[in-house]
Amino acid sequence: MTTAIFSIIKQATALGCFPRLKIIHTSRKFMGQIYIPVMNWFLLVSCLAFVTTFGSINEIGNAYGIAELGVMMMTTILVTIIMLLIWQVNIIVVLCFLTLFLGLELFFFSSVLGSVADGSWVLLVFAAVLYLVMYIWNYGTKLKYETEVKQKLSMDLMMDLGCNLGTVRAPGIGLLYNELVRGVPAIFGHFLTTMPAIHSMIIFVCIKWVPVPVVPQNERFLFRRVCPKNYHMFRCIARYGYKDVRKENPQTFEQLLIESLEKFIRREAQERSLESDENGNTDSEEEVASSSSRVLVGPNGSIYSLGVPLLAECGGVSNPNFGSSTSFDGSLDGTMDGRRSLDNELSFIHMAKECGVVYLLGHGDIRARKESFFVKKLVINYFYAFLRKNCRRGIATLSIPHTRLMQVAMQYMV
């Protein structure tokens, strides 16, 4: 029972149906071998409370009977859904299965309901409270995420602000932690309106947990650009396995992140150069073909180009590759510009890193509007706020020095 509760709590947390708890993975080979300290202590206290509350073994048996029959009925309903949606079994077979098993289980469940007053009510109240906690957490989390997605900053607004983002770009790197994988979070706009200056390089960091024990360091970070190159803004997805050390040394984390960013920029420049080479080769082939059609060969083997004026002192001999050499010079200039741009961007990153790295943590919270119903205000402003305040944060709790930590809170009215 203890192991099953650990597994169910972990799956419910992954689906956003239960508050986040500390999960300890005890095995590097099997992801399912986990231990949740809070739930273990909760089970201990609950078992002692149940044994102390019930007066006899018969009352415990009644509560156990309701629990078992409830699990059996839920299992039958879930298997029926799987038969319809996944296995796609004939509807007649599904109805026969549901009528036989669920009817038998309801018959036994009706006989157990008569003993609710003899102690089974405690278990029903416990199940109702647990369901209420899961529903409130799922409702609040879903509402918060949908609000963040709707209120994220558009790219048109970022383009209108310009590369300076409407403020002063101070030297340094700002790591903005958020839970969005795409787009610019609204908390960044709150930073822009709150502070008169923003860092010269902004990296939106999103922490994701993957179902592998360890993620290699060279595969930990995934980068992509958020805006054009002169904005110096990137999106970074940091992937951690369930056995990775999440409280890293800040210097090690920053060094690894900067190295990964440099690799991304070099790979991006290499891909652009390859694309330009392919386009250049296509253009040069077309030019060679066109130049060959404008070349004449004399009876004595002399080559005359119709694109170059004939000179008496040159004896009418010209270079048939004149057009292609011109295109080669152009591609060479493009290559030199690409290398110069790459070197400038890498030097800009080094200068920004030397100026310092600041961790920007944005805490988004939701509050019900004034015109909302009383039940919604009660659920969002009190119950969900209490659960969110007392559960673990979604972002990694890295060992960040307080001298380089900046936090900004923002409320979403839903």
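Colleague: How far apart do the end C-alpha atoms of residues 119-137 lie?
Modeller: Glad to start there, keeping in mind that this is a predicted model. UniProt, in an unreviewed entry, lists 119-137 under "transmembrane region". The span is 95% helix and 0% strand. Its end C-alpha atoms are separated by 29 Å.

Colleague: And what is the helix content of residues 34-57?
Modeller: That span is also among those the unreviewed UniProt entry gives as "transmembrane region". Its end C-alpha atoms lie 32 Å apart, and 8% of it is strand. The helix share is 75%.

Colleague: Which element gives the most residues to the lining of the largest pocket?
Modeller: Good one to check on screen! The pocket has a volume of about 2,000 Å³. Closest to its centre, out of 42 lining residues, are Ile5, Leu123, Phe126, Ala127 and Leu130. Elements giving two or more residues are H1 (2-14), H2 (37-53), H3 (57-85), H5 (120-150) and H10 (374-390). The top contributor, with 11 residues, is H3.

Colleague: With which side chain does the side chain of Arg404 make a polar contact?
Modeller: Let's find Arg404 in the loop between H10 and strand E10 (405-413). The polar contact, at 2.6 Å, is with the side chain of Glu254.

Key:
Residues are numbered from 1 along each chain as its sequence is written. This is a predicted model: local features need pLDDT of at least 70, side-chain atom pairs count only at pLDDT 80 or more; totals for chains, interfaces and linings use all residues. Side-chain values use heavy atoms; hydrogens and water are left out. On a 1 Å grid over the protein atoms alone, a cavity is a set of points where a 1.4 Å probe fits but cannot get out, and a pocket is an open set with protein on both sides within 12 Å along at least five of seven lines; lining residues have an atom within 4 Å of a point. Grid points are joined across faces, edges and corners, and a volume is the space filled by probe spheres set on the points. Helices (H or I, at least four residues) and strands (E, at least two) are DSSP runs, numbered from the N terminus. A polar contact is a pair of N or O atoms within 3.5 Å; within protein, one must be able to donate a hydrogen and the other to accept it, and residues adjacent in sequence count only if both atoms are side-chain atoms. UniProt positions are given in the numbering used here, feature names are shortened, and annotations may be inferred rather than shown by experiment.
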